[in-house]
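Please open the structure in your viewer and keep the selection tool ready. This tour goes from one selection to the next and says what is there.

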Amino acid sequence: MVENEKHPADQQNHEVTRAAGIVSLAVMSSRILGLIREMTIFNYFPTKISGSAFYLAFRIPNFLRDMFGEGILSKAFITTFLATEAEDGEEAAWNLTNRIFNLTLVVLIGITIVGIFFAPTIVDILARENFDESLDMSKHYQFETKIDLTVYLTRIMFPFLLFVSMAAIAMGLLNSKGKFGVPALASSFFNLSSVLIGISGFYLFPKFDMHPTTGMAVGVIVGGFLQFLIQAPSMYKIGYRYKFLLNYRDERVIQVLKLMGPAILGVAAVQINQLTNTWFITSEDEWLPWIQGAYRIMHLPLGIFGVAISTVALPQLAKHANAGETELFRNSLSYALRLMLTVIIPASIGLMVMSQPICRLLYERGAFIETDTIGTGGVLFVYAFGLCGFSALKILTDGFYAYKDIRAPVIVSLCGVLLNIILNYFFIFSDLYFDPRAVVFSTVLTVTLNSAVLLFLLRQKIGRIGMKSIIPSALKIILASVVMGFVCWITHGVIEIDWLGTDGFIERIVGVFVPIGISIVTLSGMYKILKVEEFDDILNIFKKKLHN
């Protein structure tokens, strides 16, 4: 039984919680800066015109980043690096790093050149006909249509794929060596660069007869490079030295490629769904910015907790799988899932209750109007419903990766992508539910089903995975979260309707943070009453950090 594990299991659970806490704090700064980035875009660029053009342009290289960079490449590299180090020695692991690094550079430089050349074709494929419209030449310079502006921005931002993939290899290397803080903090520099250069460019680039959104695009490129550069000193400290080694026939390189190849479709279900959704999203001008704004807010708890736990869990799972320690593997996986549920379920319910007030506080100013708040809030409500699915998918996929088994994730994900497209077609083209929430609901449903199927298949593969401890914990967490959500809803209603309203910025801050603060106190009390052990583990880690 997982709950009866002795010292080794308790020790590894403590290590996972401690490392996840470090990553969570680092990722928190990045996600907050990411929100500031979205606030900057919404404030300066109207959702109907330049805002939607920028988001569509950025979505193209960003999708490839998620596929090749922070998703599959990093996971495949971590798994193979640890196996190489354990079986062939440290020098062989460093050589593998250089071979993968150089091969990635060669391939992605080629993809970037092709992407820049074929940018008009790519944009035409992704954008619906009614996405395009004529622009006021006095305000949009040399661009006659929104498609022209989108192609221009796409070409500027395509090299982002190259830089951020280099950063992903650095992250995988450092995570493999147990270094989590700097890689998690690296994306903060991307968001900071986007904000500073984006705002500066809004005022500066028009003086040179360049579109104001050029600043945001340049900020993306510089930020991607900084995301790699900030990790370079840490790579040097752990012993990495760059060498020009390039051998795609090397056995370990082939192992990485075998993990990556079919997994490009298999592991990245969320990214594939987002790309196929793009064509449906461009049905209306505002849909893409609304969905991006809601996704950014949803990504705050997902990144801080879900991604953090997954990041820390993969090296643990890979080590246990390589060593044949099945029982410790089960414990590590079960504990990661329970830890995730402890924070993600209440975050999900909280976002559902506070979706519109949060969007109003963060975004409603400048070019972002009340209609945008209502639309973005509705999308956020649906996204929040799928938080557990998004988080569990990352952890469960890591479980298969640890065993170098990608067949199940590939098949499940491809089925999920097909289901997502069918649901989108059913909702949008049948006019049954012509609304951006329908597109997001398709994604949420698909990802949640993917997680459930992978959980079943992983249990079939390794035997019991601690469901006798997961289910009771989940029931306690759900009960505590429902009570918290009810308190949050009542508190916000009293503040907004009976007391302050929503007209001023101070009123909006009070209307969001006071209910959230009371909800956190309520949740903590409920967790203590119900004896949720994972919450005590989280508190103990933060207490030690404060004392240190």
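This is a predicted model: local features need pLDDT of at least 70, side-chain atom pairs count only at pLDDT 80 or more; totals for chains, interfaces and linings use all residues.

**Stop 1: a helix.** Select residues 370–385, which form helix α17. Its 16 residues reach 23 Å from the first C-alpha to the last, close to the 22 Å expected at 1.5 Å a residue. Now colour the buried residues of α17, among them Asp372, Thr373, Gly375, Thr376 and Gly377. Val379, Leu380, Val382 and Tyr383 are also buried.

**Stop 2: a histidine.** Move to helix α21, residues 467–500, and select histidine 492. Is histidine 492 buried or exposed? Its relative accessibility is 11%, and buried means under 20%, so histidine 492 counts as buried. Next, show its side chain and look for glycine 511: the side chain of histidine 492 reaches the backbone oxygen of glycine 511 at 2.9 Å. Leaving aside residues up to four places away in sequence, histidine 492 touches Met354, Pro357, Ile497, Gly511 and Pro515.

**Stop 3: a loop residue.** Select aspartate 209, in the loop between α9 (181–204) and α10 (214–229). Aspartate 209 is not a glycine, yet it has a positive phi of about 60°. With 53% relative accessibility, aspartate 209 counts as exposed, because the cut-off for exposed is over 50%.

**Stop 4: another loop residue.** Finish at lysine 531, which lies in the loop between α22 (505–530) and α23 (533–547). What is the phi of lysine 531? It is positive, about 60°, although lysine 531 is not a glycine. Lysine 531 has 63% relative accessibility and therefore counts as exposed.

How values were computed:
Residues are numbered from 1 along each chain as its sequence is written. Side-chain values use heavy atoms; hydrogens and water are left out. Helices (H or I, at least four residues) and strands (E, at least two) are DSSP runs, numbered from the N terminus. The expected span of a helix is 1.5 Å times one less than its number of residues. Buried means under 20% relative accessible area, exposed over 50%, partly exposed in between (1.4 Å probe, protein chains only). A polar contact is a pair of N or O atoms within 3.5 Å; within protein, one must be able to donate a hydrogen and the other to accept it, and residues adjacent in sequence count only if both atoms are side-chain atoms. Contact means heavy atoms within 4.5 Å.
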